[in-house]
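My notes follow the display.

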Amino acid sequence: MAGAESGTGKFDEVASQYDDIHAKGMSPSGEPSGYFAQYKIDRLKRLSVTADASVLDFGCGVGNVTELLAENFSSVVGYDPSAGSLEVARKRLPGLTFYSDENLLPRAEFDVVVLAGVMHHVSPDQRHAVITRASDTLKAGGRLVVFEHNPYNPVTRRVVDNCPFDEDAILLPPREVRSVLTAAGLDDVKQAFIVFFPHALAFLRKLEPAIGFFPLGAQTMTVGVRRSE
């Protein structure tokens with residue numbers, strides 16, 4: 001994401017260099033930054049999100065994840081409060097709709113809403129409001145999917161500590177991610193730890209679905225369902 005409701009100026013400043021900065025930050029994993037965007041798409045497919053799903057990328061930044069969502073799902077929309085980031089995203093994906101004002105986002109419109117690396121840029125006192133607003137855009141029965149860094153993973157801590165646009169990041173303990181989804185009224189909240197193995201151990205990645213309970217994955221994926229009205 002580029003900044004939720006705070007820190008948008010920082011993301012405006014780095015928007016044109018975001019991809020290069022992000023790739024450098026991800027270098028300890030041995031993978032290009034695009035690997036992590038594709039990883040999220042693969043996880044959505046494991047959730048049985050079908051190709052005809054309508055998807056909102058909430059906090060889309062420059063559109064790295066949005067681009068892959070658009071390649072895999074029939075209807076994709078992006079939202080981000082950073083004007084500089086959306087300028088890059090719109091040039092990258094001229095056929096997509098992007099919103100910069102959350103008040104203009106449609107209600108009860110999407111099958112899936114994705115927040116990828118958003119919440120650690122949101123001040124703790126605003127997290128409930130952000131998740132509530134994001135969930136308002138879901139259809140009844142739609143799913144909110146939150147990807148976040150895991151502060152208990154030492155490589156993750158290293159990456160965040162060395163990333164210029166993460167200098168004010170406040171990482172969320174996994175239990176807080178679950179709690180904020182539950183507090184926003186989402187049902188059936190489930191969480192898995194993901195991204196366990198660097199490139200050098202890529203042959204072990206097939207084991208990841210079976211070890212999602214182990215709390216040392218580099219990231220978490222937390223899913224909640226909007227209850228029927």
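**Aromatic rings**

I started with the cluster: Y35, F36 and Y39 form one aromatic cluster. The model is predicted, so I kept to its limits: local features need pLDDT of at least 70, side-chain atom pairs count only at pLDDT 80 or more, and totals for chains, interfaces and linings use all residues. Residues are numbered from 1 along each chain as its sequence is written, and side-chain values use heavy atoms, with hydrogens and water left out.

I looked up the pairs next. The structure holds 4 aromatic pairs. Y35 and F36 are edge-to-face, because their ring centres are 5.1 Å apart and their planes stand at 85°. My cut-offs were these: rings of Phe, Tyr and Trp (its six-membered ring) pair if their centres lie within 6.5 Å; planes under 30 degrees apart are stacked, over 60 edge-to-face, and the rest tilted. I noted F58 and Y79 as a tilted pair, at 4.8 Å centre to centre and 50° between the planes. F58 lies in strand β1 (residues 54-58) and Y79 in strand β2 (residues 75-79), so this pair ties together parts that are 21 residues apart in sequence.

**Burial**

F36 counts as buried at 8%. F58 is buried at 2%, and Y79 is buried at 1%. Y35, at 21%, counts as partly exposed.

**Charge over a ring**

K40 lies over the face of F147, 5.5 Å from the ring centre. The test asks for NZ of Lys or CZ of Arg within 6 Å of the ring centre and within 35 degrees of the ring normal.

**Surface**

I found a nonpolar patch of about 440 Å², made by Y152, F213, F214 and L216. Patch residues have over 30% relative accessible area and no salt bridge; like charges are joined within 9 Å, and nonpolar side chains (Val, Leu, Ile, Met, Phe, Trp, Tyr) within 5 Å. A salt bridge is a side-chain nitrogen of Lys or Arg within 4 Å of a carboxyl oxygen of Asp or Glu. Y152 sits in the loop between β5 (138-149) and α7 (154-161). At 42% relative accessibility, Y152 counts as partly exposed.

**Whole chain**

Of the 229 residues, 52% count as buried.

Terms used: Accessible areas come from the Shrake-Rupley method with a 1.4 Å probe; for residues, only the protein chains shown count as cover. Helices (H or I, at least four residues) and strands (E, at least two) are DSSP runs, numbered from the N terminus. Buried means under 20% relative accessible area, exposed over 50%, partly exposed in between (1.4 Å probe, protein chains only).
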